[in-house]
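Please look through the sequence and the model, then read the points below.

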Amino acid sequence: MKDILDAIQSPDSTSEDFAHIKLPESYRAVTVHKDETEMFAGLTTREKDPRKSLHLDRVPLPELGPGEALVAVMASSVNYNSVWTSIFEPLSTFGFLERYGRTSELAKRHDLPYHIIGSDLAGVVLRTGPGVNSWKPGDEVVAHCLSVELESSDGHNDTMLDPEQRIWGFETNFGGLAEIALVKSNQLMPKPGHLSWEEAAAPGLVNSTAYRQLVSRNGAGMKQGDNVLIWGASGGLGSYATQFALAGGANPICVVSSPQKADICRSMGAEAIIDRNAEGYKFWKDEHTQDPKEWKRFGKRIRELTGGEDIDIVFEHPGRETFGASVYVTRKGGTITTCASTSGYMHEYDNRYLWMSLKRIIGSHFANYREAWEANRLIAKGKIHPTLSKVYALEDTGQAAYDVHRNLHQGKVGVLCLAPEEGLGVRDPEMRAQHVDAINRFRNI
Ligand SMILES: C/C=C/C(=O)SCCNC(=O)CCNC(=O)[C@H](O)C(C)(C)COP(=O)(O)OP(=O)(O)OC[C@H]1O[C@@H](n2cnc3c(N)ncnc32)[C@H](O)[C@@H]1OP(=O)(O)O
Ligand SMILES: NC(=O)C1=CN([C@@H]2O[C@H](COP(=O)(O)OP(=O)(O)OC[C@H]3O[C@@H](n4cnc5c(N)ncnc54)[C@H](OP(=O)(O)O)[C@@H]3O)[C@@H](O)[C@H]2O)C=CC1
């Protein structure tokens with residue numbers, strides 16, 4: 001591993017040098033274990049502790065197949081899907097690996113008693129498999145997390161619709177929270193040169209998801225002037241949705257849960273901010289009954305902030321707790337676009353407000369190849385910035401996931417894999433200098 005790191009850190013290394021480095025037989029990776037999937041039985045979601053289920057193991061290097069690449073991972077980031085994996089909710093991810101393993105001889109590699117997790121990376125290509133021509137050893141890359149087979153025509157218009165669509169590092173093995181990762185080569189994209197490894201690894205999954213959900217015509221197709229209600233506006237998804245709304249000439253109405261998070265949204269340029277904690281919204285009277293009076297109070301607050309207008313697009317992900325309110329506050333003809341259900345997936349809303357006012361609910365999941373590429377291009381051009389707040393060592397990934405599970409974090413939480421320290425990997429210091437304040441907005445808050 002030392003030779004790999006030395007080559008990455010030497011400005012003189014060539015592609016040939018990388019191609020000739022002997023790869024190690026094993027590497028360190030963050031895993032969950034198949035024989036521990038019942039370890040949290042009987043506990044509430046909140047009580048399930050990723051620090052207990054996430055392990056740092058030494059694992060064998062997987063075989064490299066056609067169309068694939070092995071990447072030396074300098075940095076990765078924690079996504080909420082890794083939190084779900086670590087608490088085995090809503091189901092154990094080993095079922096995904098077993099199902100994938102049944103699809104082909106090569107896919108069998110993924111069905112193991114351990115699952116290497118992680119759906120983001122920034123690093124350097126070490127080897128490419130047969131049929132890979134666009135990437136070569138030594139290329140500095142980030143990887144998006146869409147894994148598709150594309151053997152069915154279903155996914156040929158929109159790669160997210162492939163029947164064999166999987167999220168790498170969640171529904172496949174050999175993810176990014178490791179020293180080496182295995183990806184399909186069409187997951188690779190150029191690493192933005194003005195960012196450090198950990199900054200470049202932070203946006204990938206959430207930035208691409210927010211791009212499809214809010215901007216793309218496959219999602220809400222946001223336009224200038226739209227009022228966009230963004231739940232968790234300083235969180236992983238929300239911190240990118242807020243930037244897309246501002247950069248696209250829309251009007252974000254940011255919902256957060258503390259004055260500190262409200263300040264972060266202000267620093268991004270948002271003006272309309274609701275502190276849901278300070279204003280004490282209780283959309284549910286009890287576990288089974290919602291309170292439409294609270295929806296209305298929330299809607300009135302939105303009207304105060306918008307000069308009397310209602311919401312064109314709701315950027316939804318909290319799910320059960322907020323969905324009734326989200327449908328209510330949307331304007332006639334407006335859109336609720338959802339990609340998750342953090343607080344519960346059995347949603348309830350008053351359908352009269354949906355059909356009588358001709359509103360639409362759009363389901364959105366990650367991003368197709370093109371959307372992920374476009375989202376990364378916006379990062380590379382300095383139009384959208386990483387929202388990295390804190391960085392952990394690989395061995396402390398459990399704590400990093402715990403922070404995200406308990407909502408103790410801001411924006412994105414990074415993880416150093418092979419990178420020995422923060423701040424390395426910047427290749428375009430001039431461009432970085434132009435954007436450095438925006439890049440550091442979320443740091444150490
Ligand atoms: C990028 C980051 C993203 C995130 O963070 S997202 C948040 C984290 N992700 C999640 O929480 C999602 C986790 N995944 C799940 O909970 C499950 O993954 C799903 C609920 C999405 C799917 O459930 P399942 O049981 O895996 O799949 P089925 O499609 O329900 O298939 C089960 C059997 O049901 C059959 N079936 C499916 N649709 C129909 C139908 N319309 N009519 C009749 N049968 C149907 C299938 O064929 C299959 O059958 P057979 O077991 O025999 O193979
Ligand atoms: N389908 C897909 O492609 C994707 C789905 N996801 C899913 O989206 C969800 C959010 O991910 P991500 O943004 O990265 O997570 P984060 O935890 O980083 O951010 C979510 C934010 O939502 C807010 N929030 C949490 N619970 C509630 C609640 N009950 N009511 C209102 N607001 C709440 C919090 O902000 P505050 O406390 O400030 O209000 C929190 O910071 C996860 O479930 C994840 O699995 C994520 C990415 C892709």
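A residue counts as buried under 20% relative accessible area, as exposed over 50%, and as partly exposed in between, with a 1.4 Å probe and protein chains only. This is a predicted model, in which local features need pLDDT of at least 70, side-chain atom pairs count only at pLDDT 80 or more, and totals for chains, interfaces and linings use all residues. Residues are numbered from 1 along each chain as its sequence is written, chains are lettered from A and ligands numbered from 1 in the order in which they are written, and side-chain values use heavy atoms, without hydrogens and water.

**Domains**

- The chain is assigned domain 1 (2-202 + 386-439) and domain 2 (219-363), with bounds from an automatic or database domain assignment.
- The C-alpha centres of domain 1 and domain 2 are 31 Å apart.
- Eleven residues from domain 1 and 13 residues from domain 2 take part in the contact, where contact means heavy atoms within 4.5 Å.

**Ligand 2**

- Ligand 2 lies between domain 1 and domain 2, because both give residues to the shell around it.
- There are 25 residues around ligand 2, and S257, R276, C339, F366 and H409 come nearest; a residue is near a molecule if one of its heavy atoms lies within 4 Å of it.
- Backbone N or O atoms of G236 and of L237 each lie 2.8 Å from an oxygen atom of ligand 2.
- A backbone N or O atom of C339 is 2.8 Å from a nitrogen atom of ligand 2; polar contacts are pairs of N or O atoms within 3.5 Å.
- Of the 910 Å² of accessible area that ligand 2 has on its own, the protein covers 91%; such areas come from the Shrake-Rupley method with a 1.4 Å probe.
- Helices α4, α7 (204-215) and α8 (236-247) each supply at least two residues of this shell around ligand 2, and the largest share, three residues, comes from α7.
- Helices (H or I, at least four residues) and strands (E, at least two) are DSSP runs, numbered from the N terminus.
- The shell around ligand 2 has ten nonpolar, twelve polar and three charged residues.
- In these classes, Ala, Val, Leu, Ile, Met, Phe, Trp, Tyr, Cys and Pro are nonpolar, Asp, Glu, Lys and Arg are charged, and the others, Gly among them, are polar.

**Ligand 1**

- The residues surrounding ligand 1 include N81, W84, P90, L91, F96 and R99.
- An oxygen atom of ligand 1 is 3.2 Å from an N or O atom in the side chain of R99.
- The protein covers 35% of the 1100 Å² of accessible area that ligand 1 has on its own.
- At least two residues of the shell come from each of α4 (80-87) and α5 (94-101).
- Seven nonpolar, two polar and one charged residue make up the shell around ligand 1.

**Backbone features**

- P90 sits in the loop between α4 and α5, and the peptide bond from E89 to P90 is cis, with omega near -10 degrees.
- F88 is in the loop between α4 and α5 and has a positive phi of about 60 degrees although it is not a glycine.
- F88 is buried, at a relative accessible area of 9%.
- L150, in the loop between β7 (146-147) and β8 (166-167), also has a positive phi of about 60 degrees without being a glycine.
- L150 counts as partly exposed, at 27% relative accessibility.

**T330**

- T330 belongs to strand β17 (residues 330-338) and is buried, with a relative accessible area of 4%.
- Leaving out residues up to four places away in sequence, T330 touches I311, D312, V314, T335, I336 and K359.
- T330 and F18 are 312 residues apart in sequence and 53 Å apart in space, C-alpha to C-alpha.

Notes: A polar contact is a pair of N or O atoms within 3.5 Å; within protein, one must be able to donate a hydrogen and the other to accept it, and residues adjacent in sequence count only if both atoms are side-chain atoms.
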